[in-house]
Amino acid sequence: MKKWPLIHTPLPGPKARKLINQDRTYVSPSYTRYYPLVVEKAKGLWVHDVDGNIFLDFTAGIAVCATGHCHPRIIKAIKKQADLLLHMSGTDFYYRPQIILAKKLANLMPGKGAKKVYFGNSGAEAVEAAFKLARWHTKRELNLAFYGAFHGRTMGALSLTASKTIQKKHYNPLVPGITHIPYSYCYRCPYNLCYPECELGCVRWVEDTLFRTTIPPEEVAAIFVEPIQGEGGYIVPPPDFHREMNKIAKKYGILYVADEVQSGMGRTGKMFAMEHFGVDPDIIALAKGIASGMPLGALTARAEIMDWEAGSHASTFGGNPVSCMAALATIELLEEGLMENAAVQGKHLMDGLIKLQQSHECMGDVRGKGLMVAVEFVKDRETKEPARTWRNDIIKHAFEKGLLLLGCGENSIRFCPSLTVNTTEIDKCLSIFDDVVREMAL
Ligand SMILES: Cc1ncc(COP(=O)(O)O)c(C=O)c1O
């Protein structure tokens, strides 16, 4: 393989520095950038910056570029559709790409019976639509969501989010009627219990305490849940968590809404992460990886749930024909082998990180499924004191060595490369990561 990554300027390089200065003048300061990467072009897992430096990308543009950067089949599908039709608006007119993609997604959604699909442009829009649909269908006003959850930043989705206070600061009052409950984060159990002896105390608490004291279950429309918490730290709940939570939901006529925006579209080795837990959700929110980088959000639901009337919800750009064709090409590639590759390479990545954990005390926990993998950093394995600054320093240092990583949670680093990643690229990532942690002598 080529001798990449290749870093031949100080970072940021001169061209990057100039652009960042302009960005500071003209672009919203609300964005969070971990390090000064200014991208010129990218192919597969390799990202070139404006100064000719070449990086190994284990972020996939925040878990978006499922098929790798600029996969030739995706580019071909985009170009072909761009020649035919760029936009017409699926809200007021019909066109083939939206209908074919809806049929495909409806057939992919787990569970028996007919399904229907709503299209938006982003993860937040998919969640927002789920929020409105749950209210519409159930005519109930209350909802449950989880601490640590990230569902997006529009007012409805933000109301369900409970990730970082900066995301909510000065935006109150938010949408009322949402109660956040603890997620099943066994490495730091909010109830100080141990799985499996706890017998899922966190789930029982919902029925035994919450539904008896403050929340009448017959007024709850939906439970919004990430099958694996993403921005919250790539937290994988125990195997029976969703099954038991869903049982409670079913008992009280509450919808189980899976936010698969980050975990879906093959990333975990299955099309939807909820398939690992044996639960068929009532509604699934999708975005990110669905169209390999083209903007698209989708909501799939059992047909009897998607019973809202014409005019009740829509978006001008939702289901853009070019994005729909990119999504169809993405799904084809996932089914042809990328999803399987995610499972195989994900195991290789996990095994490699678990091996490194033996020599790096600061790697408190290694967890994940498929190519949704994270390392949680601690100052001490016994006390589990979160190592927030170390985590940030590791990400910066990895960037300087040509490896692109992103954080998640307070003190974790996520590894979410494209599903095209190969063994050599994973070994390269592991070797740089090992060097970085070793050199920092944590
Ligand atoms: C699980 C989950 N839901 C929703 C969103 C929001 O998606 P978007 O940024 O496309 O609005 C994200 C984004 O990170 C996410 O991870």
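Where is Cys70 found? I looked this up in a predicted model, and Cys70 sits in the loop between H2 and helix H3 (72-84).

**Entry 1**

I checked phi for Cys70 and got a positive value near 50°, in a residue other than glycine. Cys70 is partly exposed, with a relative accessible area of 39%. I then turned to Ala60, which has a positive phi of about 50° although it is not a glycine. Ala60 belongs to helix H2 (residues 60-63). Ala60 is buried, its relative accessible area being 0%. I noted both because most residues other than glycine have a negative phi, and most peptide bonds are trans.

I also looked for cis peptide bonds. The bond from Trp4 to Pro5 is cis, with omega near 0°, and Pro5 is in the segment before H1. The bond from Asn172 to Pro173 is cis as well, again with omega near 0°. I placed Pro173 in the loop between helix H6 (155-160) and strand S6 (178-181).

**Entry 2. Ligand surroundings**

I listed the residues around the ligand: Ser122, Gly123, Ala124, Phe150, His151, Gly152, Glu226, Glu231, Asp259, Val261, Gln262 and Lys288. A backbone N or O atom of Gly123 is 2.8 Å from an oxygen atom of the ligand. For Ala124, a polar backbone atom lies 2.8 Å from a ligand oxygen. On its own the ligand has 390 Å² of accessible area, and the protein covers 82% of that.

**Entry 3. Strand S12**

I went through S12 (residues 372-377) and found it mostly covered, with 6 of its 6 residues buried. In a regular strand the side chains alternate between the two faces of the sheet, which made me sort the residues by side. Met372, Ala374 and Glu376 are buried on one side, and Val373, Val375 and Phe377 are buried on the other.

Which strands pair with S12? S11 (residues 363-369) pairs with S12 in the antiparallel sense over 6 bridges. Lys369 has Met372 of S12 as its bridge partner. S11 and S12 form a hairpin with 2 residues between them, and Gly370 in that turn has a positive phi of about 55°. S15 (residues 412-415) also runs antiparallel to S12, joined by 4 bridges. There I found Val375 opposite Ile413.

**Entry 4. Salt bridges**

How many salt bridges does the structure hold? I have 17. Side chains of opposite charge can pair when their charged atoms come close.

Asp23 forms a salt bridge with Arg33, with the closest N and O atoms 3.1 Å apart. Asp23 is in helix H1 and Arg33 in the loop between H1 and strand S1 (39-43), so this pair ties together parts that are 10 residues apart in sequence. Asp23 is partly exposed at 22% relative accessible area, whereas Arg33 counts as exposed at 51%.

Asp282 and Arg302 meet through their side chains in a salt bridge of 2.6 Å, N to O. The pair links distant parts of the chain, 20 residues apart: Asp282 lies in the loop between strand S8 (255-259) and strand S9 (283-286), and Arg302 lies in strand S10 (residues 297-302). Is Asp282 buried or exposed? Asp282 is buried, because its relative accessible area is 3% and the cut-off for buried is under 20%. Arg302 counts as partly exposed at 23%.

Arg388 and Glu410 form a salt bridge in which the closest N and O atoms are 3.0 Å apart. Arg388 is in helix H10 (residues 388-400) and Glu410 in the loop between strand S14 (406-408) and S15, so the pair ties together parts 22 residues apart in sequence. I have Arg388 as partly exposed at 40% relative accessibility, and Glu410 as partly exposed at 47%.

Salt bridges that share partners join Arg188, Asp365, Arg367 and Glu376 into one network. Glu376 had already come up as a buried residue of S12.

**Entry 5. Surface patch**

I ended with the surface. Tyr26, Val27 and Tyr31 make a nonpolar patch of about 370 Å². Tyr26 is found in helix H1 (residues 14-26). Tyr26 is exposed, with a relative accessible area of 70%.

Key. Residues numbered from 1 in each chain as written. Predicted model: local features only at pLDDT ≥ 70, side-chain atom pairs only at ≥ 80, totals over all residues. Heavy atoms only, no water. Patch = residues over 30% accessible without salt bridge, like charges linked within 9 Å, V, L, I, M, F, W, Y side chains within 5 Å. Areas by Shrake-Rupley, 256 points an atom, 1.4 Å probe, with all protein chains shown as cover. Salt bridge = Lys/Arg side-chain N within 4 Å of Asp/Glu carboxyl O. Buried < 20%, exposed > 50% of the residue type's maximum accessible area, 1.4 Å probe, protein only. Near = heavy atom within 4 Å. Polar contact = N/O pair within 3.5 Å; in protein donor to acceptor, adjacent residues only side chain to side chain. Pairing = 2+ DSSP bridges.
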